[in-house]
Amino acid sequence: MSRYRFVLAKALALAAVIAILAAYDSWALGAAEADSAAKEQMAAALVSSGPGPYATDGVFSGTAEGYGGPVTTQVTVENGWITAVDIVDASLEDEAWLEMASVLPARILEAQTPSIDVVSGATFTSTGILNGATEALIESMGGAPDAG
């Protein structure tokens, strides 16, 4: 009989652990959704506050050196805000590194600047994407920055 109690106690403990993990998972999912909704609301409020920091609306491209060669990034600016960032050509990049760095356009869009961290493990590819976006935004502001 004591053997069955031991098995029952283990089964109850396992059931309790599973219930706790399920509750935590549910809470974490809700928290992530709330965080995402708050970020979207903040971005919408920022955009609706007026024109953004970029002078000229349009679609601009910039090319910079990545690991395998040139990387061309295209940035769309509307009402002074970055509304889209696309990697339009990275044909010479290693696919694994490019896949790792493919999160950068969304991060640029969220931050409204290409002044963000590179992806560890894909540093040179990331640098090509970020520098290409920077070059595109410099173009949107009328050309090369002052050297002085």
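Which element gives the most to the lining of the largest pocket, and with how many residues? Please also describe the aromatic pairs.

Modeller: In this predicted model, helix H1 makes the greatest contribution to the lining of the largest pocket, supplying six residues. The space in this pocket amounts to about 240 Å³. Eleven residues line the pocket, and those closest to its centre are Lys39, Ala43, Leu109, Glu110 and Gln112. Strand E3 (81-89) and helix H3 (104-111), like H1, each provide at least two residues of the lining.

I turn now to the aromatic pairs. With ring centres required to lie within 6.5 Å, the count is three aromatic pairs. In one of these, the ring centres of Tyr24 and Trp27 are 5.7 Å apart and the planes meet at 35°, so the pair is tilted. Both residues belong to helix H1 (residues 2-48), where they are three residues apart, about one turn of the helix. Tyr24 and Trp27 are both exposed.

The pair of Tyr67 and Phe124 is also tilted, because the planes stand at 35°, with the ring centres 6.3 Å apart. This pair links distant parts of the chain: Tyr67 is in the loop between strand E1 (58-65) and strand E2 (70-78), whereas Phe124 is in helix H4 (residues 123-140), 57 residues apart. Phe124 has a relative accessible area of 55% and is therefore exposed. Together with Trp97, Tyr67 and Phe124 form one aromatic cluster.

Key: Residues are numbered from 1 along each chain as its sequence is written. This is a predicted model: local features need pLDDT of at least 70, side-chain atom pairs count only at pLDDT 80 or more; totals for chains, interfaces and linings use all residues. Side-chain values use heavy atoms; hydrogens and water are left out. Rings of Phe, Tyr and Trp (its six-membered ring) pair if their centres lie within 6.5 Å; planes under 30 degrees apart count as stacked, over 60 as edge-to-face and the rest as tilted. Helices (H or I, at least four residues) and strands (E, at least two) are DSSP runs, numbered from the N terminus. Buried means under 20% relative accessible area, exposed over 50%, partly exposed in between (1.4 Å probe, protein chains only). On a 1 Å grid over the protein atoms alone, a cavity is a set of points where a 1.4 Å probe fits but cannot get out, and a pocket is an open set with protein on both sides within 12 Å along at least five of seven lines; lining residues have an atom within 4 Å of a point. Grid points are joined across faces, edges and corners, and a volume is the space filled by probe spheres set on the points.
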